[in-house]
Every structure is written in C-alpha cells, then in structure tokens.
Amino acid sequence: MLFKTAIRNIFKYLRRSLVIFICLIVSIVALQVSDSISEGFKRQSKILMLESAGMILIERKGNDPFDLIQEGIKNFDEVERRIKSVIPDARVIPEIVAPAIVVNDTFSVNTLVIGTRRESLISTKLAKKLKADAGDTIVILSTNRAGGLSIKEVKIESVLTNGLFTGGVDLCIPIDKMEEFLLWDTGEVKQIRVNFNQYEKADSLSKLLSGMFPDLNITPWNERLKNLESLFRISDIKMYLFSFIVLLLTSGIIMNSVLSSVMERKKDLGTIRAIGSSRRFIIFLILTEVVIITFFSCLAGTFFSYIITRKLMQVGFHYESVAEMTQYIPPVLYPAINPLRWIVDVIFLFVWAIIWSIYPAVLIARMPPVKALREEI
Amino acid sequence: MLIELKGVKKDYPLGRTVVHAIRGVDLEISEGDFTVIAGPSGSGKTTLLNLMGLLDHPTEGKLFFEGRDVSRISDRDATFIRRSRIGFIFQTFNLIPVLTAIENVELPLLLKRMKGKERRKRAEEALAAVGLGDKLYHKPDELSGGERQRVAIARAIAGMPDIILADEPTANLDSETGLSIIKLMKEMNREQGVTFVFSTHDARIIEVARRKIELLDGKVGSDVVQNSNS
C-alpha cells in the first residue's frame with residue numbers, strides 16, 4: 001500500500017513531481033554526456049600517447065643501453081609473425097634508435113632509424129639549426145656498431161611539421177639506407193613497439209608474450225608510464241567540479257520541490273500520524289515517492305544521454321588546428337560511453353536525490369500531528 | 001477508568017500573548033461511555049479531544065490513560081497508544097484523497113501490521129457496518145459528505161479501538177445526515193460497546209448523548225448524565 005500510495009501521490013501532485021523528474025533528467029544527462037566527452041578525450045589522447053610510446057615494448061634482455069655494439073632483436077619477421085598469432089590486431093613497429101651522431105659544425109643530433117617509414121625526416125627544430133630543407137642533402141658522420149667511422153649522404157625528403165620530434169633535434173632515416181652506414185643487420189631491430197586496439201589488455205598480453213619470448217624483455221605501458229593516469233586526473237577533477245555544480249543545483253530544486261509537496265499535504269500526513277503512523281512510515285512514504293521519480297528520471301535521462309552521445313559520436317568535436325601543434329590531441333574528438341561511469345552517475349544521483357529529500361521528510365515527520373492537523377487547505 | 005484528566009491546562013503561545021485554551025479540567029471517561037462535549041466555538045472542545053487522543057501534551061496537570069500517566073509521554077509511545085487503542089473521527093473527515101474508501105479503512109490496520117487478507121476482510125466488514133459495502137472502491141471525492149464521514153467512522157472502528165474521539169463529526173453535514181451519523185455511532189456504542197467521546201455544538205445531537213459535558217472558556221461548566229437508559 002505504501003508503494004501504491006506513493007505512486008498516486010506522485011500523480012496527484014503532478015506539477016511538483018514533474019519539476020523533480022525534469023530536474024533529475026537534466027542532471028543525469030549533464031553528468032553522463034560530460035562523462036562521455038571526458039572519457040572520449042581521455043581515451044583518444046591516451047591511445048595517441050600509447051601508440052607513440054608503445055602499448056607493449058619489446059627489448060633484448062641484458063643489453064647495456066650505452067654499449068654501441070649491443071645486440072638487437074634478431075629475426076624480426078619471425079618475432080612479428082608470432083606476436084600476430086596471439087594478438088591478431090597488433091601493429092608491430094620495429095625501431096632502431098641508432099647510436100649515430102650527426103655532426104654539422106658543433107651540432108650533435110639524435111638519429112632515429114625507423115623501419116616502417118620510407119622517407120628521411122628531419123624535425124623542424126633541427127632543420128632550422130642546420131638551415132636545411134626538404135630536398136637538401138646532408139652528410140652524416142657516425143660511429144658504426146663495429147667502432148669504425150661511417151659517412152653517409154642522406155637526402156632530406158621532408159621536414160616534419162606535425163611536431164613528432166618537437167622535444168629534440170632529431171633525424172629519421174629509413175632502415176634500408178642505414179644498414180650499410182651502421183653495419184646493421186636487416187632482420188635486427190633494437191626494440192619493438194606493439195600496439196593494438198584494447199590498451200587495457202596490455203598487462204595480460206605482456207605476460208603471454210613473455211612466455212613466448214623468454215630472452216626478450218617485455219613491458220606493458222603501465223609499467224613504464226606510471227604517471228600517465230595522473231595526467232588524466234586533471235580532466236577528472238574538472239569533471240568532478242562540473243558534476244558538483246550540477247548536483248548542487250539539483251539538490252536545491254529537489255529539496256524545495258519535496259518540501260513544497262509535503263507542506264501542501266501537511267494535513268493528510270498529519271492525519272496519517274494521528275491514526276497511528278510512526279515518523280519512520282511518513283519518511284518512508286515520502287522517500288518512496290522520491291525513489292520512484294528518481295528511478296524513472298534515471299531511466300529517461302540515460303535514454304536521452306545515449307541519444308545525445310550517439311549523435312555527438314557521429315559529429316565529433318573538431319580540433320584540427322590544435323592537433324597540428326601537438327601529437328597528443330586528436331584532430332576530431334569523439335565522446336565515448338563508459339557504462340560503468342554511467343552506472344556510477346545513476347547510483348550517485350539516486351543517493352543524492354534521497355539525501356536531499358530526507359530533510360523535508362524528517363521535517364514533516366517530526367511535526368506534531370496536532371499542528372499538521374490544524375492546517376486548513 | 002479509561003481516561004482521566006486532573007487539573008489539565010493547555011496554553012498556546014500566539015505571538016506575544018498566550019491563549020489559555022484549557023484552564024484546569026478534571027474529567028473521567030469510562031469504558032462504554034457515549035459522551036458529548038458541548039460548548040461554543042473557542043471553548044476548548046477540540047483542544048480537549050486532542051489531549052485525550054494523545055495528539056498534544058497538557059501544559060499543566062495530569063492525564064491518565066488506563067491509569068498510566070501519559071502527560072509527558074514520548075512521541076513513540078503516544079503513537080503506539082493511538083494506533084492500538086484510539087480511533088479518530090475528524091470534522092473535515094480527513095480521508096486520504098489518493099486512497100479508495102477501503103484503502104482508507106485499511107490504513108490504520110496496515111500501521112498495526114495486520115496481514116493483507118485479514119486487513120481487507122476487516123475493512124470490508126467495517127464499511128459494510130456503516131452501510132458502504134457497495135462503495136469500497138470509491139475515492140473520497142466520489143462520495144458525499146455523509147458517506148465520507150461514514151468512511152471515517154469505518155476507519156476509526158476497523159482497528160477495534162477502546163475509545164473513539166470524534167471532533168464535531170457532524171459539523172460539515174446537513175442535519176439529517178448528521179443525525180444519521182450520530183445514530184450510527186450510538187448503535188455501535190450500544191451493540192459493540194465502543195466508547196465514544198465527541199464534540200459538537202448542535203443542540204439536536206447533544207440531546208441524543210448519554211452524558212453531556214459542557215465546556216465554557218476552557219473549563220467544565222457542567223457534566224450531566226442525561227439519557228442513562230438510551
């Protein structure tokens with residue numbers, strides 16, 4: 001009967017119920033959609049960062065990083081084939097961070113040899129220092145892995161504009177051009193970056209690969225980039241602030257509406273108290289109404305959130321101009337639905353609505369029945 | 001003795017002044033009584049009934065319910081006594097508008113934690129006793145004033161209380177309906193032994209009561225047994 005009475009009261013005081021209903025819908029939509037935008041930003045930026053750093057990094061065990069003639073990972077093709085047999089969607093990127101030194105007057109630059117790239121790249125910063133441009137030829141002097149002097153002429157095919165090496169003065173040389181220069185074996189790479197679609201699985205996949213390649217050092221991203229999560233905590237803090245403001249507004253509206261609603265039927269509630277109801281029964285009755293309204297608000301709100309988020313996922317937020325300046329911001333940001341976060345939002349709003357209804361419920365329940373009965377409508 | 005009042009006073013603060021609603025009342029209500037509290041408006045009838053019904057506390061004096069001092073009883077204990085021992089009938093019926101007649105009658109039984117089937121059966125019997133067996137599922141706004149008051153009586157008797165306190169139960173009814181309500185209450189008093197204390201200032205209704213207590217300015221003016229055989 002409590003449930004039935006609560007439902008009928010909701011319809012009897014429909015205007016106030018609707019105010020609470022709409023307020024809660026707006027709140028849940030605000031929380032869930034902003035959650036999705038934040039989640040999308042986090043996920044895409046994280047993927048960009050991890051793609052660059054490698055979700056799983058494979059190196060040879062026991063190598064001294066300062067040893068010029070250190071051994072690399074041999075039979076890269078075979079390693080790649082075996083990785084793809086356990087991670088079908090893996091993008092296996094071999095890398096040689098060459099111990100070469102580029103000398104031009106007094107400049108020293110890092111030389112990266114990237115297998116998958118087919119062109120010689122030079123960073124904007126280095127190009128400026130060398131006063132070089134695409135089409136120019138530069139001569140690289142370096143120590144090869146056997147300790148001898150190597151000289152190589154490299155034609156710069158493009159100057160990097162996407163900011164990949166903005167932090168340093170780097171030069172990327174195609175692996176085939178560097179084989180002879182560094183006395184490097186084609187099938188040998190210094191390290192392998194393995195990227196795949198679900199970066200969350202890096203831990204378990206690393207363990208799997210470790211079993212397959214006992215002589216290789218296999219580390220997932222979370223062991224190497226321990227502070228990456230805290231970087232995104234800033235975005236979370238912004239989200240929490242926004243949620244707090246939304247919830248603060250919601251609390252005021254809920255409390256005010258529930259208070260008006262109970263004051264309007266002070267006499268009915270006084271009668272129920274007079275005929276023997278406990279204070280707890282009155283509180284339960286009012287809170288049941290709030291729970292019912294909140295339940296349907298959350299259902300409707302989540303439905304609207306889904307529609308809005310799906311639409312935003314189709315349209316996206318465009319940041320092309322910003323993305324050109326840094327490699328870690330995606331050119332188009334798409335929201336992403338995190339079901340767990342949405343469930344947490346719903347639970348939180350449920351609890352919040354109940355908390356802010358407790359005061360009006362307790363207020364009316366504590367009112368002496370004789371005072372409530374004196375109320376004339 | 002069911003209810004006993006000894007030197008009971010009740011004051012209400014009204015702005016900067018104090019209204020002395022009850023100015024020292026000594027009264028006893030026995031089981032099986034059919035008592036009317038008469039008096040003009042503002043004489044303290046409703047306040048006295050509220051005190052007897054443990055809806056309010058006296059400012060001074062002692063109030064006993066079955067010999068137990070309930071003058072300063074806690075809200076929890078007062079609620080328990082109201083729920084199990086006292087029935088109420090109000091001037092404005094005070095039915096819960098969202099509930100049907102039978103649900104209104106079931107409500108105090110629900111508060112007594114009575115099981116669903118028994119509760120429904122008892123509510124049906126109570127409504128049948130007041131002649132509303134065919135209007136179980138009507139909501140208060142679908143009933144006439146007299147019918148609403150009958151539902152209120154059914155609600156009061158359904159829980160089989162020791163005493164029913166009725167505050168001007170006929171005030172919002174036409175005289176004919178009012179008389180029929182009083183007759184119904186009297187019938188229940190006679191046949192089921194339910195104790196009734198009700199307030200009114202309707203002379204025709206006062207005549208029907210066995211005992212008449214007249215209140216004047218918050219004091220008992222007279223207390224007479226007028227129809228001992230009726």
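## Two helices in chain B

Helix α5 (residues 145–158) of chain B packs against helix α6 (residues 175–192) of chain B at an angle of about 20°, with the axes 10 Å apart. Axes here are lines fitted to C-alpha atoms, for helices over the stretch in contact, and angles run from 0 to 180 degrees between N-to-C directions. So α5(B) and α6(B) are roughly parallel to each other (angles under 35 degrees count as roughly parallel, over 145 as roughly antiparallel, 65 to 115 as roughly perpendicular and the rest as oblique).

On the α5(B) side, the contact includes Gly145(B), Gln149(B) and Ile153(B), and on the α6(B) side it includes Ser180(B), Leu184(B) and Met188(B). Two residues are in contact if their C-beta atoms, placed from the backbone, lie within 7 Å. By class, that contact has six nonpolar, five polar and no charged residues (Ala, Val, Leu, Ile, Met, Phe, Trp, Tyr, Cys and Pro count as nonpolar, Asp, Glu, Lys and Arg as charged, and the others, Gly among them, as polar).

## About the model

This is a predicted model: local features need pLDDT of at least 70, side-chain atom pairs count only at pLDDT 80 or more, and totals for chains, interfaces and linings use all residues. Residues are numbered from 1 along each chain as its sequence is written, while chains are lettered from A and ligands numbered from 1 in the order in which they are written.

Helices (H or I, at least four residues) and strands (E, at least two) are DSSP runs, numbered from the N terminus.

## A sheet in chain B

Chain B also has an open sheet of four strands, in the order β2-β1-β4-β5, with antiparallel pairing. Two strands pair if DSSP finds at least two bridges between them. At the edges sit β2 (17–29) and β5 (68–69) of chain B, each pairing on one side only.

Strand β1 (residues 3–14) of chain B is joined to β2(B) by 10 bridges. One bridge links Leu14(B) with Thr17(B) of β2(B).

## Helix pairs in chain A

Over in chain A, the axes of helix α2 (residues 14–53) and helix α8 (residues 228–264) come within 9 Å and cross at roughly 180°. That makes α2(A) roughly antiparallel to α8(A). Their contact has 16 nonpolar, nine polar and four charged residues.

## Where the chains meet

17 residues of chain A touch 18 residues of chain B. On the chain A side, α9(A) gives the largest share, five residues.
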